[in-house]
Amino acid sequence: MQVSAFIASEKSKQELEEELNTLEVQVFRMQQNVKEIAKQAYIVSIDQTKEANWVIIYAIRKANSIQMMLHECTKPFLGKWDSAIEAEYKLENTLHITDIKGEENKGYGSVLMNHLKELAYDENKHYITGDIVKRDFDHVERLKHFYAKHYFDVSINHKEENGKIVWSPC
């Protein structure tokens, strides 16, 4: 059998059964988790991570801010999010990211960022902005990569250890 990077290899029966079992567990947990999450927040969407795990995106709005959170459906919801992005409404046309929290390299931040950008577009916000501050400089290269991947303009002042990010849907 010839192997190619462009042709998906066939999976064994056991691999397919394991994937199906994992999917069934996630769908069952998703049903239960949506019920619990909806008691305290509004459900934004259901999505998948880069590892193909199902996640629930939910949010809590306050007068001038929003916290968008994510819970992975591989486990029951016990009142805690796996990742969150917090933003404030600035001026009439801007969302300003104040914090992104959660486990790294799981794809959670990208899922949340995509939904935040969709929210900005739906609410006719012209910009998403944010600050890179001194406490971020131990992982500034990772932040630059993350924001650039999401089409933000990133400006960093390494001497003063600060920076700005700006995204516009235009």
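This is a predicted model: local features need pLDDT of at least 70, side-chain atom pairs count only at pLDDT 80 or more; totals for chains, interfaces and linings use all residues.
Figure 1. Although Glu-160 and Lys-134 are separated by 26 residues in the sequence, their C-alpha atoms are 8.1 Å apart in space.

**Figure 2. Gly-163, a buried glycine in strand E8.** Gly-163 is part of strand E8, and its relative accessibility of 9% places it among the buried residues, since buried means under 20%. Setting aside residues up to four places away in sequence, Gly-163 touches Gly-130, Asp-131 and Ile-132, and also Ser-155 and Ile-156.

**Figure 3. Overview of the protein chain.** The protein chain contains three helices and eight strands, which follow one another along the sequence in the pattern α-β-β-β-β-β-α-β-α-β-β. Its C-alpha trace spans about 55 × 45 × 30 Å along the principal axes, and 35% of the 170 residues count as buried. When contacts between residues at least 6 apart in sequence are considered, 47% of them join residues at least 24 apart.

**Figure 4. The largest nonpolar core, with Ile-97 and Leu-116.** In soluble globular proteins, nonpolar side chains tend to be buried together. The largest nonpolar core of this model has 27 residues, of which Ile-97 and Leu-116 touch the most other members. Two or more residues are contributed to this core by each of the strands E2 (54-61), E3 (65-72), E4 (83-90), E5, E6 and E8, and likewise by the helices H2 and H3. Helix H2 supplies the largest share, seven residues. Beyond residues up to four places away in sequence, Leu-116 touches Met-68, Ile-85, Ala-87, Leu-95, Ile-97 and Ile-128.

**Figure 5. Ser-65, a buried serine in strand E3.** Ser-65 belongs to strand E3 and, at 17% relative accessibility, counts as buried, because that value falls under the 20% limit. Apart from its neighbours within four places in sequence, Ser-65 is in contact with Ile-60, Ala-87, Glu-88 and Tyr-89.

**Figure 6. The largest pocket and the residues that line it.** The largest pocket holds about 740 Å³ of space. Its lining is made up of 33 residues, and those closest to the centre of the pocket are Ile-100, Gly-109, Arg-142, Leu-143 and Phe-146. Strand E5 (94-102), helix H2 (108-122), strand E6 (127-132) and helix H3 (140-149) are the elements that give two or more residues to this lining, and E5 gives the most, with seven. Sorted by class, the lining comprises 10 nonpolar, 12 polar and 11 charged residues.

Figure 7. His-150 lies in the loop between H3 and strand E7 (153-157), where its relative accessible area of 6% marks it as buried. The side chain of His-150 makes a polar contact of 3.0 Å with the side chain of Ser-110. Neighbours within four places in sequence left aside, Ser-110, Met-113, Asn-114, Lys-117 and Trp-167 are in contact with His-150.

Figure 8. Most residues other than glycine have a negative phi. Asn-105, however, has a positive phi of about 60 degrees without being a glycine, and this residue is placed in the loop between E5 and H2. With 58% relative accessibility, Asn-105 counts as exposed. Tyr-151 also has a positive phi, near 65 degrees, and is found in the loop between H3 and E7, where a relative accessibility of 67% makes Tyr-151 exposed.

Methods
Residues are numbered from 1 along each chain as its sequence is written. Side-chain values use heavy atoms; hydrogens and water are left out. On a 1 Å grid over the protein atoms alone, a cavity is a set of points where a 1.4 Å probe fits but cannot get out, and a pocket is an open set with protein on both sides within 12 Å along at least five of seven lines; lining residues have an atom within 4 Å of a point. Grid points are joined across faces, edges and corners, and a volume is the space filled by probe spheres set on the points. Helices (H or I, at least four residues) and strands (E, at least two) are DSSP runs, numbered from the N terminus. Ala, Val, Leu, Ile, Met, Phe, Trp, Tyr, Cys and Pro count as nonpolar, Asp, Glu, Lys and Arg as charged, and the others, Gly among them, as polar. Buried means under 20% relative accessible area, exposed over 50%, partly exposed in between (1.4 Å probe, protein chains only). A polar contact is a pair of N or O atoms within 3.5 Å; within protein, one must be able to donate a hydrogen and the other to accept it, and residues adjacent in sequence count only if both atoms are side-chain atoms. Contact means heavy atoms within 4.5 Å. A nonpolar core is a set of buried Ala, Val, Leu, Ile, Met, Phe, Trp, Tyr and Cys residues joined through side-chain atoms within 4.5 Å.
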